[in-house]
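Visitor: I have a structure to look at and would like to talk it through. Can we put it on the screen?

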Amino acid sequence: MSQRREFEIAFVGLKPGVHVFEYRIDDKFFTSYGEQDFSNCVANIKLSLDKKNGFMQLKFDIDGSADVICDRCGNTLTKQLWDEFNIVVKMVDDPEIMNEQEEDPDVYYISRGESHLHIADWLYEFINLSLPMQKMCNEEEMGGPQCNKEVLEQLKKMEEDVKKDNNPMWKGLEKFKDLE
Ligand SMILES: [Zn+2]
């Protein structure tokens, strides 16, 4: 998808062994990927590339933060990004076929004639995977300064209304209870 220069590694020129690359990603990076469900992303990525004979081992360390919207109350929450991902890149004769057949998502094939690694899509994927699946205020934040108390109050009231007298079905059931 995106083949930007700054996210290309000319690995052919690298000596065997470990090489470290650092990237700082902010919201600008994501514009070519369309709208994201986070904002104010600042991610520092350390990539260790271990060049071996016929393959490379890549380790991505993700560190940073991004703002997400709480699924429950709609408030903005800053979440920490912290995770690491490993990829093995193998040089083969027929990378397209191999990539199609490979079931391990952590193994990727490139052509023996290839000279560059394009890592932008991996960075994109890994930053997204570093975000928590559940985007909600946690217990401590609920009712705290971050939390939208008005919305929470309304939700609570709605829940109570449904449970109690406003629900005709509930009333009907209570009648049966009295007969027992
Ligand atoms: Zn919330």
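Visitor: How many helices and strands does the protein have?
Guide: The secondary structure comes to four helices and seven strands. This is a predicted model, so everything here is computed from it.

Visitor: In what order do the elements run from the N terminus?
Guide: The order is β-β-β-β-β-α-β-β-α-α-α.

Visitor: What share of the residues is buried?
Guide: Of the 180 residues, 33% count as buried. The protein exposes about 12,300 Å², and carbon and sulfur atoms supply 50% of that area.

Visitor: And the contacts, what share links residues 24 or more positions apart?
Guide: Taking contacts with a separation of 6 or more, 59% are between residues 24 or more positions apart.

Visitor: Now the inside. Which residues of the largest nonpolar core touch the most other members?
Guide: They are Ile25, Leu58, Phe60 and Leu117, out of 39 residues in that core. Five elements each supply at least two residues of this core: β2 (17-25), β3 (39-51), β4 (55-69), β5 (76-92) and α2 (120-130).

Visitor: Pick Phe60. What does Phe60 touch?
Guide: Leaving out residues up to four places away in sequence, Phe60 touches Ile45, Lys46, Leu47, Asp83, Glu84, Phe85, Ile87, Trp122, Leu123 and Phe126.

Visitor: Trp122 is in that list. Which residues of α2 are buried?
Guide: In α2 the buried residues are Ala120, Trp122, Leu123, Phe126, Ile127 and Ser130. They cover an arc of only 155 degrees around the axis, so they are on the same side of α2.

Visitor: What covers them?
Guide: The cover of the buried residues of α2 includes the strands β2, β3, β4, β5, β6 (107-111) and β7 (116-118).

Visitor: What about α3, does it lie largely in the open or is it largely buried?
Guide: Largely in the open, because the number of buried residues among its 15 is one. Helix α3 covers residues 149-163 and reaches 21 Å from its first C-alpha to its last. That is close to the 21 Å expected at 1.5 Å a residue.

Visitor: Change of topic: the zinc ion. Which residues are its protein donors?
Guide: The donors are Cys70, Cys73 and Cys137, each through its SG atom, at 2.1 to 2.4 Å from the zinc ion. Their spacing in sequence is C-x2-C-x63-C.

Visitor: Are Cys70 and Cys73 buried or exposed?
Guide: Cys70 is buried, with a relative accessible area of 3%. Cys73 is buried as well, at 6%. The cut-off for buried is under 20%.

Visitor: Next, Ser115. Where is it?
Guide: Ser115 is in the loop between β6 and β7. With a relative accessible area of 24%, Ser115 is partly exposed.

Visitor: What is Ser115 in contact with?
Guide: Apart from neighbours within four places in sequence, Ser115 is in contact with Ile9, Ala10, Phe11 and Val12. Ser115 and Val12 are 103 residues apart in sequence, yet their C-alpha atoms are 5.3 Å apart in space.

Visitor: Last one: where does Glu96 lie?
Guide: Glu96 lies in helix α1, which is residues 95-101. Glu96 is exposed, with a relative accessible area of 67%.

Visitor: What separates Glu96 from Tyr109?
Guide: Along the chain they are 13 residues apart, and their C-alpha atoms are separated by 7.6 Å.

Notes: Residues numbered from 1 in each chain as written. Predicted model: local features only at pLDDT ≥ 70, side-chain atom pairs only at ≥ 80, totals over all residues. Heavy atoms only, no water. Core = buried A, V, L, I, M, F, W, Y, C linked by side-chain atoms within 4.5 Å. Buried < 20%, exposed > 50% of the residue type's maximum accessible area, 1.4 Å probe, protein only. Contact = heavy atoms within 4.5 Å. Expected span 1.5 Å × (residues − 1). Donors = N, O, S within 2.8 Å, 3.2 Å for Na, K, Ca; no water. Areas by Shrake-Rupley, 256 points an atom, 1.4 Å probe, with all protein chains shown as cover. Arc of directions from axis to C-beta.
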